[in-house]
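Hi,

Here is the model I promised to pass on to you.

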Amino acid sequence: RGQQLDKVIAVKLDHAGVKESLLTIQAKSGIRFVLPEKLLAGLKQKITIDSDHSTVKYLIEKVLESTNLDYKLVEGYVVIDTKPVPQAPGKLSGRVVDEKGAPLPGATIRALETGQVVQSDANGDYTFNLKPGNYTLEVTYVSFRSQKSNNVVIKEGKTTSLDFSMQLADNKLTEVVVSYGKQKSREITGSIATVDASSLQDMPVTQFAQQLQGKVAGVQVSQTSGQPGRGMGFIIRGAASFYSSNQPLFVIDGNPITGSINNINPAEIESYSFLKDASATALYGSRAANGVVLITTKHAKPGDAKIEFSSYYGLQKIPTGKLPKMMTAREFATFMKERAEDGLKYEPGYSVSADYHAAYDNPEQYGEGTNWFKLLTRTAPIQSYDLTVRTAREHSSSTVIAGYQEQQGVLINTGTKLYSMRFNQDFTTENNKLKIGFNLAPSYRMDHNNRLNSDGVGGYFERFFEASPLVSPYNADGSYTRNVSSPGMVAYINPLATYELTNDDYKTTRILGNIYLNYEFLPGLSIKGNLAADKGAETRKYFQSGLVTGTQGQTTGTSSAVDNGSWTAEGNLVYNRTFFKDHNIEALVGYSAQEFSTYNNTLTGLGFTSDDIEYLGAATSVTGSSGAGSYSLLSTIGRVNYNYKGKYLLSAALRRDGSSKFGENTQWGSFPSVAAGWIVSDESFMKNVKGVNFLKLRASYGITGNNFFAGNYDPQATIGTYYYNFNNVITQGQTINRLPNKDLRWERNKQFDIGLELGVLDNRLTFTYDYYRKLTDGLIQQRSIPTSSGFNQIIFNVGELKMWGHEFSVSSKNLTGSLKWNTSLALSFDRNLITNLVDPGYIRRNVTVSSDYYRQQVGHHLGEFYGFVFEGLYKDAADLANSPKYLSTTAKPNGNSDIGTIKVKDINGDGVIDDVNDRTFIGDPTPTFTGGIVNNFRYKNFDLNIDMTFSVGGKILNAAKWAYQTNMDGSRLPLAAAADRWRSEENPGSGVYPRTKSGTTAMGRQVNSQWIEDGSYLTAKNITLGYTVPLRNAMIKNLRVFASIQQAFVLTGYSGMNPEINVGGSDPTSGVGVDENAYPIPRTFSLGFTTTFK
Amino acid sequence: KDFIERSPEDAYTDDVFYKTEQQFRSAVVAAYAPLRDVLVNDYFTSEMHSDNTIYQAIPGNRGTSIVERENISDFINTSTNAYVAATWQHSYTGISRCNIIIERLKGADLNNEVKANLDGQAKFLRALNYFKLVRLYGGVPLFIKEVTTADEAFKARATEAEVYARIIADAQDAIAELAPPAKFPQTGEATKGSATILLAEVYATQKKWADAEKLLNSMLTMGYDLNANYADAFMPANKNSKESVFEIQFLGGTLTGATPNVLSFHFLPRSKDTKLLTGISIDNTSTGGWNTPSNDLISDFEAGDNRLEASVGIAEGTYDASNYFKYSAAKSIINYVPATGKIGVPYIKKYLHAPLESPTGSGDDFPIYRFSDALLLLAEALNEQGKSSDALTPLNRVRRRAGLADFTNTDPAQLRAAIFHERRVELAFENHRWTDLLRSGKALSVINAFGVKIREQLPYLSSDAYVIDQHHLLFPIPQNEVGLNPKIIQNPGYF
């Protein structure tokens, strides 16, 4: 159709009006015109054209040339309209900031109508040139929710201002707390995992460690004991030392803490950063070998004034599914009766005493008997109340958190209470140059009988399963008996009386506090100062009635106190600058000093005439002692972070530390690190890769150290006191009590890490992968030396350990509709190998064969179990004759073996089983992989959280069962299953439990491969169902009620009570995966609510 | 920087200690202390490990701590035995403390007389410990310098001759440097007399009889004498008496620094209440039952020997099914006949003086050397040199005090047997029996013969109990030492 305008016509106009001219063209061309009168009226232009050959198009344009009119072809009509005004483009500019108002450089701003894209600069500012009009703008930034702004009007030549305040994407902190500061997560080059504490706070637990189980790849948190308020172990990346702690360094709001972590109320915590690789931890160099956990407490944000109150109440109960099934009174009497019958049958000279006959000859008279477990355990309440008040204005903020927690123990007469407060105050001047803050967190804990010797060998929990069911805990007059053994058993002290007649109260006061100051005295250059204190004081009052003391009648009272504290002073200079637009530099230099000191005293009273007064005034003899100790750390630190366009990232750091704990020749250590990162998804070639929102590659290498060992002066030869009594005179002797080691140096950890972070499908699926290799050399350990030297150990750098592993975390938004479903998975594969040790190339647990559970040996994994290899029972005379026997000699050809006793492998093939040459490695406690999976569902007002942890492939040495519950000598109550033991060749039983013949049972108490079990487990740590009550209340803004089950179920083939034992507790020398009757972990049912007032 | 240089405030470190006389004196006190630790293991390794004593069987408790001690008594202990290791370790702890003193005294700015006295005490203690070790274990690593680094702790075994040479040198120095007892009761410290009898016993062991005789004769003029009654020698009220040549000191009670003697109830049958014998309630079910006098020893006392009544008592009562003993009466061993339905269990009475001060132990000292030992050694040295009639004098001095008639036979072989017998009963339970058996060369025959009888008497004994050959004459080197230190070669016959 447009071709009609190319039609050539002849037109002659002489000073014609516009309308007249157009009508002429219409007439000549036969093309119809639409001529709005409104536009044409009043036009003064006079047109003169004289042409024979002109196109219609030319003519129309010539006519309209000097007017403000234009034309277009519509449906074959030439429509005259006003000419569009020639427009100058408009501008859109603004700033992209995060929730806290901090700029977000590199955010992507997109105009959806035109597809144009710009990015924010280092200050978060952006400018967009757009044609005037209406637009929809979208801002995206990794780990933040993308944001749209509709109907943005751009006017010609004008600047429209539009700021974006970005909200965090779920569970993802964009600005991550890192060593000595914060960093945008996208710019981090180290391996750091963050956890937002708000998602954890439904769990009815008193320790934050319990909330973190299975949440972070590479971080193993395990509950190795159920003692109220205690028993948690943290291992980052399989960290292991022999003597120094395996636990990471905990830093709360920038303050490295020196005391225990279990006094910290979980409700105070806002987020965690787990620093895993050497680059992330480098600035904590000397204490970072086990990783660092940075804890940030709650700080109010501007405009965020509110009051929150939360509470839960729960009931804890020991799950009985895995409880050892011991013999009942009737079964035990039968066992003992048969034991004597077998003795008379097989053992010449065997005699049975009258009281034995009286007790066991008629088992039918007994029923279940005394159930010690039931007597000593209970369903116990747990409760918690937290009140948080946050107020914040633009330049000041205040947060106050008050908490009370009470956990009664599931063992009777035990429990703990914690009162805690936290005040966090921040103030900023109006020009934002000066920032000052105070944090203060006092707490007070009262432990009642909570640190009694309940766990482990000889611990009270073991006693529940060895006391006789035939015996009552009470005398006829209702008082407690002392001994609860029946004839033939070893004497045991009544565990019920022990719990009831012991009062062991610890009261712990703790104050964590710091003051910080930030002053930006030149643009980009700030000075930061921080002064922190961690102050603790603990008193203990202990009293035990003489009825249950180890030495009978020795009623004992103790009063002791510990006062300790540390302070840390730090000063840093920070320089932050962008050069030539794209070169961003952050540099930090600093100085830090820390000192810890402790004072303790103990008074012990003996000779109490009665149990009425528990204080030392009632004792006739009081002895005491006191002591003190301190250590210090002096450090200089430096770090440079550089990035080009926020895309190519480099980081280098150095810490130099001097510690008083090391030998005088080796106090100083240097801990450098370097790291690099590349945000691949920012490259132009990635723009075409659909679906990938974010991709970062990073690598790091660095050296860190470990000085976490209990001794303050270990490398120094100290003088100890040894008394002697010449002619009844108490004389004090003094001499060296340990060997010095002036060359004791830092335990060093060299670590390489390579990682990848990926976000796809609009970041609905994010994925992180890390591979690390660590080499720890100079491992510190009390090295065993020949006792002929007069000493049995010396603190020493004994060897070298390699660790490596893979870590995966996946976080996925499976459903985003009205039913929301998120899943996060953390998975780690940690491996280790001992590569070097001083002579003789191994370190044994101890010298007693029956408890020499494991060996650290070159070429082996950490803590591999060591013992005999079980081969069943000797079946018959031929089997006995043809097999090697335990300690056989010429004078005793069968040694301690006989038909029906335990047969083990003759490792050295010399035909005799002995304790030195026939033991070998029988199991590895290191799991193949560990991790956790959290599923979160939300539908309308309901939410459901299922939190699970797992560990696969690690072995456990079940010493509790084999060493203590299968004793065939009748000295303690055996497992019910042991009734099915060997009694004769015709009646060999299950083939697991040997005969009871005197002098043949010793092998049953030596570690053998029967004790090794698979420790794999899947635990539902927590299941919480919540409901948010819809409210239209002026004051109450939010009310959520929830019900939860903690430790809901454990799926495991392990026959003991707690498969989590396979992470060593805080004492690295006690071994990994050794189960020696730990305090059971209760299951907790609870109800709770959280509410917000504004 | 000073900030990171720290030393403990609540204790000295070695670089500031060992300067003053008082400090050296206290270092010497500390060198005496391990004697107690040796003692509580040495009654296994030197007395139960002989024909003198046995143990109370407890078949229901087969815990390592029970079994390992029984094994020493039965001569079936292995190298992993913790109590064999304990005697070794504690002896060496004492040696190490002596080494520190001897070494550091050399450069110390002290009065020469003080120096000599302290050096003498330390050398006596070092010699005493090595003498224990060399007889029980053979040639042992010879540490004579302070150990300051890990490397120095790893030493090979010296020969027996080298160890003896050091013992002799140390004892000679001690004799030269120490004075005889200045008064009685003595201070309890080592004296010239202590060092003299030690060296004499060393010479006797080496059959250097003339040297031994000379030393023992010198003791006759140092003021020592026998107490009127045998039992007086063990009375807590009679500590460090004229009869005492060297004894381990104890003090009862609960004061800080008091170190009670626990042996009095270790040596009683296991019972939930020992009050009948100890005078106060003590539950020794987990500590007692050891060092029970054997019938063989009891029957070796001659009729009328008042040492039997002083040394051995009878606890009468009944065993329950857990083999705990319920005491019903304390009886005399003399002409003892059990009451109907009761059992009489002999126990060591020498060190039990009821009532004990506290359940933690008594104040009884424990003798290492008594003057009667010196007299019997002298008799032996004289007899071995053919001076048999001279030998009768010291022997009969011991016998008379025991209420026995003089021995008059001067046949050297018979006299040798008589002296050997006299040592057994006079020094019973004083941890001399095993080394006396070794010295006399009779260990193999005596123990094997004892084994035949005792296995018959106690059917629960293992068939290889008390069946010994040459290798049993030495204890194994503790396995942990062999395992740690490749330079240590185990004694033959042990794994």
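First, the ground rules. This is a predicted model, so local features need pLDDT of at least 70 and side-chain atom pairs count only at pLDDT 80 or more, while totals for chains, interfaces and linings use all residues. Residues are numbered from 1 along each chain as its sequence is written, and chains are lettered from A and ligands numbered from 1 in the order in which they are written.

Chain A splits into domain 1 (2-82), domain 2 (90-165) and domain 3 (184-314); the bounds come from an automatic or database domain assignment. Between the C-alpha centres of domain 2 and domain 3 of chain A there are 37 Å.

An open sheet of four strands in chain A has the order 8-7-10-11, with antiparallel pairing. (Strands are DSSP runs of E, at least two residues, and helices runs of H or I, at least four, numbered from the N terminus; two strands pair if DSSP finds at least two bridges between them.) At the edges are strand 8 (117-119) and strand 11 (147-154) of chain A, each pairing on one side only. Strand 7 (residues 108-111) of chain A runs antiparallel to strand 8 of chain A, and three bridges join them. A:Arg110 has A:Val117 in strand 8 of chain A as its bridge partner.

In chain B, helix 1 (residues 21-32) packs against helix 5 (residues 112-137) at an angle of about 15 degrees, with the axes 10 Å apart. Axes are lines fitted to C-alpha atoms, for helices over the stretch in contact, and angles run from 0 to 180 degrees between N-to-C directions. Helix 1 and helix 5 of chain B are therefore roughly parallel (angles under 35 degrees). Among the residues of helix 1 of chain B that meet helix 5 of chain B are B:Phe24 and B:Val28, where contact means C-beta atoms, placed from the backbone, within 7 Å.

Lastly, the contact between the chains takes 88 residues from chain B and 84 residues from chain A. On the side of chain B that touches chain A, helix 1, helix 3 (64-73), helix 4 (82-106) and helix 18 (479-484) of chain B each supply at least two residues. Helix 4 of chain B gives the largest share of that side, nine residues.

Happy browsing!

Key:
Parallel < 35°, antiparallel > 145°, perpendicular 65-115°, else oblique. Contact = placed C-beta atoms within 7 Å.
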